Amino acid sequence: MCLGIPGRVLELRAEAGLRMATVDFGGVRREVCLDYTPGAGIGSYVIVHVGFAITEVDEAEARRTLDVLRAMADAVETELGEPLPEQPSRDRRPRPVPYRPIGSGAAETQAERADPPAKGTP
């Protein structure tokens, strides 16, 4: 899968004649080439694909896109090499944990799903 992921430009520099930047993707930082986005500067939001910034976006669009990508964690991890950190809750209250009674069968372990008990085993 190929994704364009929004990030915020933190630092600029020249390397081997290329405009390079450190870009923050909601907590994950990567080195990115800015040659295709000559107007991008520190504080700009860019869409990055395979290490190249391909367009600029506004902050609101970048945040909306990152929220969608957090919901697609496996795709982002494949593209960036690590998952995006969880976005902290705005009210900073802990999130409730769903109640699952023990022995209700509601919460089987991954091992139980992968290797079910043999027939006739209680």
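A salt bridge here is a side-chain nitrogen of Lys or Arg within 4 Å of a carboxyl oxygen of Asp or Glu. The model is predicted: local features need pLDDT of at least 70, side-chain atom pairs count only at pLDDT 80 or more, and totals for chains, interfaces and linings use all residues. Residues are numbered from 1 along each chain as its sequence is written, and side-chain values use heavy atoms, with hydrogens and water left out.

**View 1. Overview of the protein.** The protein has three helices and five strands. Helices (H or I, at least four residues) and strands (E, at least two) are DSSP runs, numbered from the N terminus. Read from the N terminus on, the elements follow the order β-β-β-β-β-α-α-α. Of the 122 residues, 27% count as buried. Buried means under 20% relative accessible area, exposed means over 50%, and partly exposed lies in between (1.4 Å probe, protein chains only). A contact means heavy atoms within 4.5 Å. Among contacts with a separation of 6 or more, 38% join residues 24 or more positions apart.

**View 2. The salt bridge between Glu31 and Arg13.** The structure holds five salt bridges. In one of them the side chains of Glu31 and Arg13 meet, at 1.7 Å from N to O. This pair links distant parts of the chain, with Glu31 in strand β3 and Arg13 in strand β1, 18 residues apart. Glu31 counts as partly exposed because its relative accessibility is 43%. Arg13, at 28% relative accessibility, also counts as partly exposed.

**View 3. Thr22 beside Glu31.** Thr22 has its place in strand β2. With 10% relative accessibility, Thr22 counts as buried. Its side chain makes a polar contact of 3.2 Å with the side chain of Glu31. A polar contact is a pair of N or O atoms within 3.5 Å; within protein, one must be able to donate a hydrogen and the other to accept it, and residues adjacent in sequence count only if both atoms are side-chain atoms. Leaving aside neighbours within four places in sequence, Thr22 is in contact with residues including Arg8, Leu10, Arg13, Arg29 and Glu31.

**View 4. The largest nonpolar core.** A nonpolar core is a set of buried Ala, Val, Leu, Ile, Met, Phe, Trp, Tyr and Cys residues joined through side-chain atoms within 4.5 Å. The largest one has 16 residues, and those with the most contacts inside it are Ile5, Val23, Phe25, Val32 and Val46. At least two residues of this core come from each of β1 (5-15), β2 (18-25), β3 (28-33), β4 (45-49) and α1. Strand β2 gives the most, with three residues. In soluble globular proteins, nonpolar side chains tend to be buried together.

**View 5. Val46 and Ala53.** Ala53 lies in strand β5 (residues 52-57). Ala53 counts as buried because its relative accessibility is 0%. With the same exclusion of residues up to four places away, Ala53 touches Val32, Cys33, Leu34, Tyr36, Thr37, Val46, Ile47 and Val48. The C-alpha atoms of Ala53 and Val23 are separated by 9.5 Å, while the two residues are 30 apart along the chain.

**View 6. Helix α1 and its two faces.** Helix α1 (residues 59-71) has 13 residues and reaches 19 Å from its first C-alpha to its last, close to the expected 18 Å. The expected span is 1.5 Å times one less than the number of residues. Ala62, Thr65, Leu66, Leu69 and Arg70 are buried in α1. They cover an arc of only 140 degrees around the axis, which puts them on the same side of α1. The arc is that of the directions from the helix axis to the C-beta atoms. Exposed Val68 and Ala71 sit on the face turned away from the buried side. At the N-terminal end, Asp58 caps α1, with a side-chain oxygen 3.3 Å from the backbone nitrogen of Ala60.

View 7. Glu59 forms a salt bridge with Arg63, the closest N and O atoms being 2.6 Å apart. Being four residues apart in helix α1, Glu59 and Arg63 are separated by about one helical turn. The side chains of Arg64 and Glu61 meet in another salt bridge, at 2.7 Å from N to O.
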